[in-house]
Amino acid sequence: MKENAVITIISITIIVLNMMMIIVLDIKNAIMVATIAEVTTVTMAEVMAVIMAEVTATTMAEVTVVVMAVITAVVKDVAAVGAGCFNLINN
């Protein structure tokens, strides 16, 4: 009888330990999934921020170059017209 009780207690202990191990593994997996999701979200947000900053900076630089070129051309044209008018008036 005592042997049966000992075997029963050992069996129940093994079952409980197995269940606890399953619970621990489930918790670990849940933590890993949450961590991976969080890391992915943060990484994607940072990558997008860097890309957007780079695109914005590049675009603004290109727009500035084009605008400055147009302004320079217009100023030269105005200066040429002004010089032509000055020559007409003085001649």
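These legends accompany views of a predicted model of a single protein chain.

Figure 1. The protein chain holds 1 helix and 0 strands, and helix H1 covers residues 2-90. Along its principal axes, the C-alpha trace spans about 135 × 10 × 5 Å. For a sense of scale, the radius of gyration of the protein chain is 39 Å, while a compact globule of 91 residues would have one near 12 Å.

**Figure 2. The surface of the chain.** How much of the protein chain counts as buried? The share is 0% of its 91 residues.

Figure 3. Thr8 counts as partly exposed because its relative accessibility is 42%, a value between the 20% and 50% cut-offs.

**Figure 4. A nonpolar patch with Val55 among its members.** Which residues make the nonpolar surface patch of about 520 Å²? Look for Met44, Val47, Met48, Ile51, Met52 and Val55. Val55, one of these patch residues, belongs to helix H1. With a relative accessibility of 43%, Val55 is classed as partly exposed.

Conventions: Residues are numbered from 1 along each chain as its sequence is written. This is a predicted model: local features need pLDDT of at least 70, side-chain atom pairs count only at pLDDT 80 or more; totals for chains, interfaces and linings use all residues. Side-chain values use heavy atoms; hydrogens and water are left out. Helices (H or I, at least four residues) and strands (E, at least two) are DSSP runs, numbered from the N terminus. Buried means under 20% relative accessible area, exposed over 50%, partly exposed in between (1.4 Å probe, protein chains only). Patches are made of residues with over 30% relative accessible area and no salt bridge: like charges are joined within 9 Å, nonpolar side chains (Val, Leu, Ile, Met, Phe, Trp, Tyr) within 5 Å. Accessible areas come from the Shrake-Rupley method with a 1.4 Å probe; for residues, only the protein chains shown count as cover. A salt bridge is a side-chain nitrogen of Lys or Arg within 4 Å of a carboxyl oxygen of Asp or Glu. The radius of gyration is taken over C-alpha atoms; the globule rule is 2.2 Å times the number of residues to the power 0.38.
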